[in-house]
Amino acid sequence: MIGTVFRSEDVPAEDRFEYWRELVGRTRSSDLISAHTADYWAEYRLMELGPVTVWPSSFLPTRYRRSGKMVRRSDPELYHLTLLLDGGLALEHAGRTDTFGPRDLHMVDGSRPYDLRPLDDRDRRAVKGVGVDFPKALLPLPPHLVRELLGRGLSGQEGTGALLTEFLVGLDRQAETLQPSDAPRLGTVVLDLVSAWFAQVLDAEAALPQETRQRATAQRIQAFIRQNLHDPELTPPAIAAAHHISRSYLYRIFQEQSQGETVAAWIRRRRLESARRDLADSSLRTTPIHAVAARWGFPRASEFTRAFRTAYGLSPKEYRLQALSERERMLSRSPVD
């Protein structure tokens, strides 16, 4: 598991808001104001991914205000990026005022004052989002260009912004299965996606180091493959054409970013993993095995059976029977007193 979890229910009611203020202050020092302090609610997971901190959270409407005095007293030289998933926020920062809704992102410079507030502070509906905090020195873009992004609403629904959004949401979903040893690599991926996205918005891709561009391209390609695993025509030439790169460049950056695994091997492994998951799903037990195979890009059942047996040591039919039988045994067990 990656990250430590806080739930307001774990703290006495009278201490919840102050404890939330303390938690937020560890990465974003600001004054917190809320109309719900007497009965506050929040949930939070703090994931330290090398120098990058990612914190998915849900909380009752709260205002976060960082004054010039607070900046002068303490300035850790961080950028704060926020992905909003539910609710509405308004931000005053760097001479701009903007509002944000679900799937919008905005960034603030912790070395400048800001005022982030809910659109309706009396509404008890929770605001949900993902915060990303990282040292300004690690963003490989000139500060004068980054200033153009501060306080602006940026859409996380297209291009590299959508890829970043899905990656951050996926981190929260997979936190229980990820290992601490994964943390530095995941932090690098977050920084690469943020950098590539900002460069795209600013039309400044040439300012990025080659390694950052390559890693971000590899992430885009892998996301494209995952979205198209069902297509039996998903081949290296088709992937290269979809990304306007040569096949040789595709092979090179893919092997560099996938520990030497080829494009075809990576596709096959993902397809087999997806098919195995479906075969173990009791809600799909009546779906014919050949239909499961076709769903994940194996139009020929014989090819699927050979590949599955090679990967897992069982035929698809044997694996399904074993997985479903084990599930039924677990469900039938009586709880231990």
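## A buried tyrosine and its ring partner

Y40 is buried, with a relative accessible area of 1%. The model described here is predicted. F17 has a relative accessibility of 6%, which falls under the 20% limit, so F17 also counts as buried.

The structure holds 14 aromatic pairs. One of them joins F17 and Y40 in an edge-to-face arrangement, with 5.0 Å from centre to centre and 75 degrees between the planes. F17 belongs to helix α1 (residues 16-25), while Y40 lies in the loop between β2 (31-33) and β3, so this pair ties together parts that are 23 residues apart in sequence.

## Other ring contacts

Ring pairs also link a cluster made up of F6, Y19, W20, Y44, W55, F59 and Y64.

A charged group meets a ring at Y79: the charged end of K136 sits over the Y79 ring, 5.8 Å from its centre.

## Strand β3 and its partners

Strand β3 covers residues 42-49, and six of its eight residues are buried, so the strand is largely enclosed by the rest of the structure. β3 pairs with strand β1 (residues 4-7) in the antiparallel sense, over four bridges. Within this pairing, T4 stands opposite L46 of β3.

β3 also pairs with strand β4 (residues 52-59), again in the antiparallel sense, over six bridges. Here E48 has T53 in β4 as its bridge partner. β3 and β4 form a hairpin with two residues between them. In the turn, G50 has a positive phi of about 65 degrees.

## Nonpolar cores

In soluble globular proteins, nonpolar side chains tend to be buried together. In this model, the largest nonpolar core has 44 residues. Those with the most contacts inside this core are V54, L81, F134, L168, L171 and F198. Helix α5 (residues 183-202) supplies the largest share of the core, twelve residues.

What is V54 in contact with, leaving aside its neighbours within four places in sequence? The contacts of V54 include R45, L46, M47 and L49. V54 is also in contact with V130, G131 and V132, and with L168 and L171. L168 and L171 are, like V54, among the residues with the most contacts inside the largest core. L46, another contact of V54, is the β3 residue that T4 stands opposite.

How values were computed. Residues are numbered from 1 along each chain as its sequence is written. This is a predicted model: local features need pLDDT of at least 70, side-chain atom pairs count only at pLDDT 80 or more; totals for chains, interfaces and linings use all residues. Side-chain values use heavy atoms; hydrogens and water are left out. Buried means under 20% relative accessible area, exposed over 50%, partly exposed in between (1.4 Å probe, protein chains only). Two strands pair if DSSP finds at least two bridges between them. Rings of Phe, Tyr and Trp (its six-membered ring) pair if their centres lie within 6.5 Å; planes under 30 degrees apart count as stacked, over 60 as edge-to-face and the rest as tilted. A charge sits over a ring if NZ of Lys or CZ of Arg is within 6 Å of the ring centre and within 35 degrees of the ring normal. A nonpolar core is a set of buried Ala, Val, Leu, Ile, Met, Phe, Trp, Tyr and Cys residues joined through side-chain atoms within 4.5 Å. Contact means heavy atoms within 4.5 Å.
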